Amino acid sequence: MIPNAGIRPCRNENPAYIRPYTAKIRYRLQCRITASSTTGKYGQFTANAKSSPTIGISFLRLYKRKTMENLYRLPFTIVQCPNLKLKKPSWIRKPSNTVVLFGLLVSYFLVTAGVIYDIIVEPPSVGSTTDEYGHHKPVAFMAWRINGQYIMEGLAASFMFTLGGLGFILLDQTNKPNMPRLNRVLMIICSFIFILVAYCATKIFIRIKMPSYLT
Amino acid sequence: MAAKVTTNQSSIKDDSELTANDPELQTNVSSKKRLSSSSNMLATSSLISPTGLTSLISFIVLTCAYISGFMSRLFSVIRFESIIHEFDPWFNYRSTAYMTENGFYNFLNWFDELAWYPLGRIVGGTIYPGLMVTSGVIHWFLHMINIPIHIREICVFLAPFFSGLTALATYLFTKELWSRRAGLFAAAFIAIAPGYSSRSVAGSYDNEGIAIFALMFTYFLWIRSVKTGSVFWSSCTALSYFYMVSAWGGYVFIINLIPVHVFVLIVLRRYSLRLYVSYSIFYILGLILSMQIPFVGFQPVRTSEHMLAAGVFALLQAYAFIDYLYTKIPRAADIKQLFFGLIMIVGLIVFAAVVVLTYAGYIAPWSGRFYSLWDTNYAKIHIPIIASVSEHQPTTWTSFFFDLHLLICLFPVGAWFCIKELTDERVFIVLYAVFASYFAGVMIRLMLTLTPCVCVLAAIALSKTLDYYADTETSDMSTSPVVPTNDGDGDDTESDKNNRNLYDKAGKPKPIPGRRGTPGTNPEAEEDTSIVSSNIKTVVVICIAMMLMLFAVHCTWVTSNAYSSPSIVLASYNNDGSRYIIDDFREAYYWLRKNTPERARVMSWWDYGYQIAGMGNRTVLVDNNTWNNSHIALVGKAMSSNETEAYKIMTMLDVDYVLVIFGGMIGYSGDDINKFLWMVRIAEGEHPKDIREQDYFTENGEFRVDRTGSPVLLNCLMYKLCYYRFGELQTDFRSPPGFDRTRHVEIGNKNFDLQHVEEAYTTEHWIVRIYKVKKLANRLQAKNALRQVQRRKSIYSTTKKVAGQARKQGVILNKPQIKKGTKISKRKT
């Protein structure tokens, strides 16, 4: 928040009077005149103080600051800053919004799928039962157990959660100002479908899992 | 009652929805009135001022949220009675009762001899006293104003009371983050979200009940202090943090999340003096305050869990110093990069130092429960006692759905909105979301910390969506496309809206007002200008309202069916809907209290320790405060070895009674046979030579109690205590005698006798069975009882001559002799 090395109002002048200097001159000026860490506010403060009746207090503060500044400034009489030219490595870049969204959704998908459960407990991907004729039948959902799941059921349910989330994000995207009408209608329809599908599918899943749900 | 509460909640949902659009609505209402009758304009606008109405509506909504949050947690009290639930709450209740009777300082010095039999427990130094102090203060206050209420009632209703406060704290938190409307949504969500009500129903008198309130309030104050950078708010944060530390071990979450927030802000180049002030003050004050809790003690400066906070504190100081240096240096922008890199390196060095110090032993390493959060397989392999607790299991998708329902879809959306419009405080909620969702995936128990965050973010998502879609009027009136207002503050938006209406009003002579009177009959050509037609908006709003209603129904159902059982009183329902109460636990504990000697020691598995001490008032060997693994392992070993071996351990531990929980008679699944494998595992951890887990499985690796079960299992003490004389009992005409209804098998070992214990008491439904440990039997007489004893002559009266002591009678052998003129030391050598 500190407006470092920017153009600063000098204390002795009108704060509104700002003049661009070259870097060197500015540096000297700062050292000599203003070297407070909160110069932006400071200039205003003094300007107010001059016109305000509490001038005595402000002078006291000013004095304190000045002595402290002198103290702070002491090492810089000896230490000279090296003349460096630095460049940020080009590969450090802020990730774009889409990348962030993608990462968010993928990690969210994995967590809600109970992947950690899968790692620790190591359940089979799909269960199986034997029916009355002795045939093996695959079972997708581990019924009646809230604290247990097969890998695939977790992934399926979590996909539905994420789909619902995507639906809401699309719903938000529709109110961008500059968008063709067709796109907008399509997006609204898409988001509706996403949310409804997600909702219904999750409901069916939970009914399979807990047949007594909401009864 | 259930129906009543449901309607109550759904009405609250509607309320909160109304308020979500309230600023729009009321401004629209007022603007309409202005248009319809310009003469009344002044009068109406002064009567219904927007700000006054907004605050009135938010007040009403918050009150409703509070009440509904309180009410929806009362199912168990209404169905059963005002009773403390489960296991841990019994200890909390017992210590609270002790505190109200004996005063706070006696409570801090309380040595509880009823627990951990040979060892005892220093209660004051091993608990978080916040819960007891809170209810004690309430009790004291109510008695001061002459309301004679029993401490039990306060304990039962404390958690619902605090859940209402949590709703308020969440409102404040969300209001700081986004807007007032989102805050109202968040309050309504958190009030009924099952993820939170699971731990805060009436009667579950546990630390979490008040800790979530403290958590949210601390976060609110922290956000406030980061925003303002004032010393006042950050001191308040530290005080609230102190309350949290005194209340729950989960304070570690705060003391790690806030430093992470600070660190990420630095990395994102969002450092400011506000941040510096608030974190420095919070850390120092919070550190000192948290060390005042006896149980925490010097942990904040010594353990790894707290090192992140210290490291970030040091880093922040360094960063602030360097930031100061910028002001002294020309071309600081270039050097900033360098310093930024340096800071990162310093951070790494600090991290490495912490690691090195941990290895060197100066800093205590992570405690197992925290370590298992990172290395998820750790607990399973190394600490069975942590893995055995059902709430430490990893979470499945069903738990996510049950606890959060609709919010689970809205949660990433809210996070996305926060990332898109990032500010200092929104970084916080995003970090909170990331960490909490990971932790919730690792442990079911930590769903509790995730739930508030989900509620906040879902509220943000919903509020932002509704900001646009519930605003049907404005899009029709305005000729220019409405830019969705991103509101930093609720007040800002209101003023925005006001301005817009004012602008519209000024343009009255234009043909627009004619349209305004009949919205929805717009010509096709003009609809292009508006973004989405009002019909679609209405449909969207109705859909969302429906979903919210279903959410409320779901929450009520889950709270009432899944989370409101006291688990010490069981209920079963017949086909005609009539209810049958199974009250075996209290029956057994009452028997213990009345029929056993006062100092009797009861051995049971640790789950029941608190209940036996609380209700039965008898000494137990192990209880739910699982601080001594080897002691628990010893009990586990006694339970899982055969009777003779077990008797040795039991006599060693001075056990008088053994108590087991057996559900096979009525089909109660949470009994000791189902928990038995954990006893074996824990015992194996300490005594790997005597107990092996494989011995208890069949050859196929199954755990069975029927005929095919392993002989070791069928002869161990636990099996025998559970199934003693069960083989004589035929529970059902269709099933053979000795049919276990929990595991649906006929038991394998039916006719056996107990050698060293005898049955003392079995409750009505056989759930609790108590056995008395026999005293050591008299020794059997030897077969040749009339034997001849050959006496030898005493060695002391030998006639053998020893030099110097001849003819002295009654002399002790090897008695040191004093010889005059010689030194003792010489004789030795």
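Trainee: Is B:Arg743 buried or exposed?
Mentor: In this predicted model, B:Arg743 pairs with B:Asp740 in a salt bridge of 2.8 Å, N to O. The relative accessible area of B:Asp740 is 0%. For B:Arg743 the relative accessible area is 18%. Because buried means under 20%, B:Arg743 counts as buried.

Trainee: Which parts of chain B does the salt bridge of B:Glu81 and B:Arg586 tie together?
Mentor: These two side chains meet at 2.7 Å, N to O. B:Glu81 is partly exposed at 34% relative accessible area, and B:Arg586 is partly exposed at 23%. The pair ties together parts that are 505 residues apart in sequence, because B:Glu81 lies in the loop between α5 (75-79) and α6 (88-102) and B:Arg586 in helix α31 (residues 584-595).

Trainee: Which residue forms a salt bridge with B:Asp656?
Mentor: B:Asp656 lies in the loop between α34 (643-653) and β7 (657-661) of chain B, and its partner is in strand β5 (residues 601-603), 55 residues apart. Both residues of the pair are buried. The N to O distance is 3.5 Å, and the partner is B:Arg601.

Trainee: What is the relative accessible area of B:Met144?
Mentor: B:Met144 belongs to helix α8 (residues 130-144) of chain B. With B:Val137, B:Trp140, B:Phe141, B:Ile145 and B:Ile147, B:Met144 makes a nonpolar surface patch of about 600 Å². B:Met144 is partly exposed, and its relative accessible area is 47%.

Methods:
Residues are numbered from 1 along each chain as its sequence is written. Chains are lettered from A and ligands numbered from 1 in the order in which they are written. This is a predicted model: local features need pLDDT of at least 70, side-chain atom pairs count only at pLDDT 80 or more; totals for chains, interfaces and linings use all residues. Side-chain values use heavy atoms; hydrogens and water are left out. Patches are made of residues with over 30% relative accessible area and no salt bridge: like charges are joined within 9 Å, nonpolar side chains (Val, Leu, Ile, Met, Phe, Trp, Tyr) within 5 Å. Accessible areas come from the Shrake-Rupley method with a 1.4 Å probe; for residues, only the protein chains shown count as cover. A salt bridge is a side-chain nitrogen of Lys or Arg within 4 Å of a carboxyl oxygen of Asp or Glu. Helices (H or I, at least four residues) and strands (E, at least two) are DSSP runs, numbered from the N terminus. Buried means under 20% relative accessible area, exposed over 50%, partly exposed in between (1.4 Å probe, protein chains only).
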